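Dear colleague,

Please find below the structure that I am handing over to you, followed by an account of what was found in it. I would be grateful if you would read the notes with the coordinates open.

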Amino acid sequence: MFISRPSLFASVVWLGCLTAVFSIAVLLWFLWDNSWLFFQQFGIQTLWLDEWYPYEHLYGFLPAIAGTAWALWIALIIAIPCGLAAAIVSSEIVSSTWQAWIRLSMEVLAGIPSVVYGLIGLWLLLPTLQSQLNLLTGHSLLAAGLILSLMILPTIMLMAQDALQGVASEQREAAKLLGLNWNQQLWRILLPQAWSGIRSGILLAVGRGLGETMAVMLVVGSLDKMPEPFYNILEPAQTLTSRIGREMGEAAFGSLHFSALMACGLILAIVAVFFSLSAQKMRPTT
Amino acid sequence: MKIILIILAIPALLLPAACVLYIFYQALPALNLSLILGSDIAVVGVNSIGQSILPQITGSLLMMGLACFFALPIALSIALFHAFWAKKRQKKLLMALLQMLQGIPPIVYGLCGLIVLVHTLQWGISLAAGAVILAIIILPLLSNSLIHAFARIPREQTDAALSLGLSKFRVLVRIWLPASWSNILTGLLLSMARALSETAPILFTATVFSGITWPDSIFSPVTSLQTHIFYLAQEGSNIQAIHTAWASAATLLLLVLCFSLAAWYLRRYNKT
Amino acid sequence: MLKTILMGCVLLLASTAHASEHIHIVGSTTVLPVVSQAATLYRQQHPNITITVSGGGSGVGIASVIQGTAQIGMASRNTTVEEQAKLEGKVDNIVIAADAVAVAISKAVYESGVHALSVQQIADIYRGNIRNWQDVGGLDARIVVIDKEASRGTRHVFAEAILGDKHARAKGASIISGSNNEEQAIISRSHAAIGMLSNAWLNHKVRGIAIIVDGKTILPTIEHVRDNTYPLARGLHVLLPKTASAAAKDFVQFLLSQQGQAIVQEVGYLPVH
């Protein structure tokens, strides 16, 4: 502002920023370009074709999209109630020392690498599912959903806890003065006030669950077939991330198969970014 | 009502301890010194398995270190731009961009890295390619931490220094860094923990199954704990493989926990 | 100060580019145990050469050689017409061993009486026409049909012999597995599975059945591979570009030497002589 020619410091900072912008732009351009190649040739209707067999040039995305949706849905059904309940218990019921420990243990859970979750899924969950539910091998959308719920639970719980603790103390005081009992305080005052933060946490968790590859790849079965009937979550199936992970190594660079995988990646990226940005938009300004 | 909530919450609250304990329990049979000192041959399949995972540990740590080395200056530049030069609208745009980048699944970065770094630039499957991809993955996280670390510094100090005639560089070095070093370190530790846990992006771009103890150069492939666990996970019937896989998982968890717990401790120390 | 040291370390690391020769070998998980063990032995004799080995399947191996990302490729099948076109004759295809692709079933199915199946029966199972082990003389259980990723060498050989075309689809597949190891794990944990495996991966929980061809029952043993009676016998190949370095060519020669072939025999395949 006072300086007319940029200082060395400013130049270095600008250089750093430009490097970031350049490298990310290059990466994303390749993603777009390759996927465009694929969609140009096969059209957008591949999104609802249901056969995926690269050798016969059949590129239907529907089984993978359905699988991803189902796995996420199962994960959310489990993680939202449990995570919310845990957040409420942690911030409203227990004392503050317990609270700190609970928070720490949730952050530990969030930090466990996804491939380790894959191990737990493969060697603990699958045999249990196979014997208890009499499944073929245990590989199924249910298994993927269960493992995903483990992984998104910390996100939901931590953000819900932050949101609940962020409710202004005046609100709590007012509720007490009005003579509301604990239940009414919770459901009529605290939760509605914290709802935007909780919703933001859920959206963030969805974004994260969409991108989860390793754990899902190991337990879902990688079978590109629509679940029959459509609500059958006990059979092996496919998700977008599992498909990319499994076929990434074998698709020859530049081939149609590779472009199809890039297209999968593009869809994943667009949907995940949508959820991420929505989470950011809905976060209460602190 | 409280009872229902507590019942719903108990599985969630017990899970972390249960998972960690289960992992270490399964790893017990293999947790001995041969993990480090045993032979480093990792032959999987119809024959026996080597026991040492030292090459994998060094590979993971090398990639993490190199990724942070690439990401830190860039994240610093972004944070400095946000603090010193960006106008309000630009700040909003920057934060939205960072959020967008953080939302992209890591496997997509791996896919792009495969085309750009491994094939087009002909780096081949290499430590460098893996480190660059990991650096891009942790960049939003690190940038956010740095931006928030700088934002916490009281505005008056910066204004006073600038009005005294200190250059921006000196403000950074003399005032900001000493005041926010623990926040910066926290962010760095969290990014390191994140870089250690990513598997899918480096699976086809940086790692091989066997043959490397210490990489010759940054353009040679490495092996890593994360991908080693993945290879071993496909061995369902070899008991030794199973034990080694759990032991590798326990080691990886230990490493990640070191960094996360250090970050947590720093955050607590900062608050008091 | 710290930054300078750090930068120095990285530069040092970067500057030691190719201090020793590096050979990268990628491809079939069937050939991998042999090459991996041979690489370890070879490294003891030639300490200045680094050999890294990765799996991924025959398709990945051939694609890597075409793209130049690997110095040597491993394949458990012949190259297809499309691949040969891309290779343009610049690569030598060397057979280092032979093995049998066994049709493997779970121990429980084997013990319930299923010891041999005809080609037609196996094809019907994989096409989804036969769904229960009872229909072929076994226990009453739904068949878990394990198919492999389409680019795997083992699958090509299996599909060509059983389904008629190496790219044929198996509509009755219940699950898709990747490497030989993964398939072995699934079969051993299930009590009703059928899959395609190299004969070296068979064990007491994963049994190979005989195939009935023209009225003759043929087991997947090395002897039947040697005298060419087993229909799913195949060669295990190593792909070496003609422009490969001397070290790479020497390593392939090592694989064909007495030491290399001893490893082949130890793993359970048929040596070339």
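A:Asn134 sits in the loop that joins helix 4 (114–132) to helix 5 (141–165) of chain A. Please bear in mind throughout that this is a predicted model. Although A:Asn134 is not a glycine, its phi is positive, at about 55°. Most residues other than glycine have a negative phi. A:Asn134 has 9 C-beta neighbours inside 10 Å and therefore counts as exposed.

Because 8 other C-beta atoms lie within 10 Å of it, C:Asp214 is exposed.

Domains of chain C

The domain assignment divides chain C into domain 1 (9–99 + 234–271) and domain 2 (100–226). The C-alpha centres of domain 1 and domain 2 of chain C are 28 Å apart. In the contact between them, 18 residues of domain 1 of chain C meet 18 residues of domain 2 of chain C. On the domain 1 side of this contact, helix 3 (58–67) and strand 4 (91–106) of chain C each supply at least two residues. Helix 3 of chain C gives the most to that side, with three residues. By class, the side of domain 1 of chain C that touches domain 2 of chain C consists of six nonpolar, nine polar and three charged residues.

Contact of chains A and B

Between chain A and chain B, 66 residues of chain A are in contact with 62 residues of chain B. Helix 1 (residues 8–42) of chain A provides the largest share of the chain A side, 13 residues. The residues on the side of chain A that touches chain B divide into 45 nonpolar, 20 polar and one charged.

Overall form of chain B

Chain B contains 11 helices and zero strands. Its C-alpha atoms fill a box of roughly 70 × 60 × 30 Å along the principal axes. Of the 272 residues of chain B, 60% count as buried. Among the contacts in chain B between residues at least 6 apart in sequence, 74% join residues at least 24 apart.

Helix packing in chain B

Three pairings among helices 3, 6 and 8 of chain B may be of interest to you.

How are helix 6 (residues 127–151) and helix 8 of chain B packed? Their axes are 9 Å apart and the angle is about 155°. Since angles over 145 degrees count as roughly antiparallel, helix 6 of chain B is roughly antiparallel to helix 8 of chain B. The crossing of helix 6 and helix 8 of chain B is right-handed. On the helix 6 side, the residues in contact include B:Leu134, B:Ile138, B:Leu141 and B:Phe150, while those on the helix 8 side include B:Trp176, B:Asn183, B:Ile184 and B:Arg194. By class, this contact of helix 6 with helix 8 of chain B has 12 nonpolar, six polar and one charged residues.

Helix 3 (residues 54–85) of chain B also packs on helix 8 (residues 168–197) of chain B, at an angle of about 140° and with the axes 10 Å apart. These two helices of chain B, helix 3 and helix 8, are therefore oblique to each other. Their crossing, that of helix 3 and helix 8 of chain B, is right-handed. Among the residues that make the contact are B:Met64, B:Cys68, B:Leu72 and B:Phe84 of helix 3 of chain B, and B:Lys168, B:Leu172, B:Met192 and B:Leu196 of helix 8 of chain B. The contact of helix 3 with helix 8 of chain B has 12 nonpolar, two polar and one charged residues.

The remaining pairing is that of helix 3 and helix 6 of chain B, which pack at an angle of about 40° with their axes 6 Å apart. That angle makes helix 3 of chain B oblique to helix 6 of chain B. The crossing of helix 3 and helix 6 of chain B is right-handed. Their contact, between helix 3 and helix 6 of chain B, has 24 nonpolar, three polar and no charged residues.

With kind regards

Terms used. Residues numbered from 1 in each chain as written. Chains lettered and ligands numbered in written order. Predicted model: local features only at pLDDT ≥ 70, side-chain atom pairs only at ≥ 80, totals over all residues. Domains from an automatic or database assignment. Contact = placed C-beta atoms within 7 Å. Helix = DSSP H or I, 4+ residues; strand = E, 2+ residues; numbered from the N terminus. Nonpolar A, V, L, I, M, F, W, Y, C, P; charged D, E, K, R; others polar. Axes fitted to C-alpha atoms, helices over the stretch in contact; angles between N-to-C directions. Parallel < 35°, antiparallel > 145°, perpendicular 65-115°, else oblique. Left-handed = near helix turned anticlockwise from the far one by under 90°. Buried ≥ 20, exposed ≤ 12 C-beta atoms within 10 Å, placed from the backbone.
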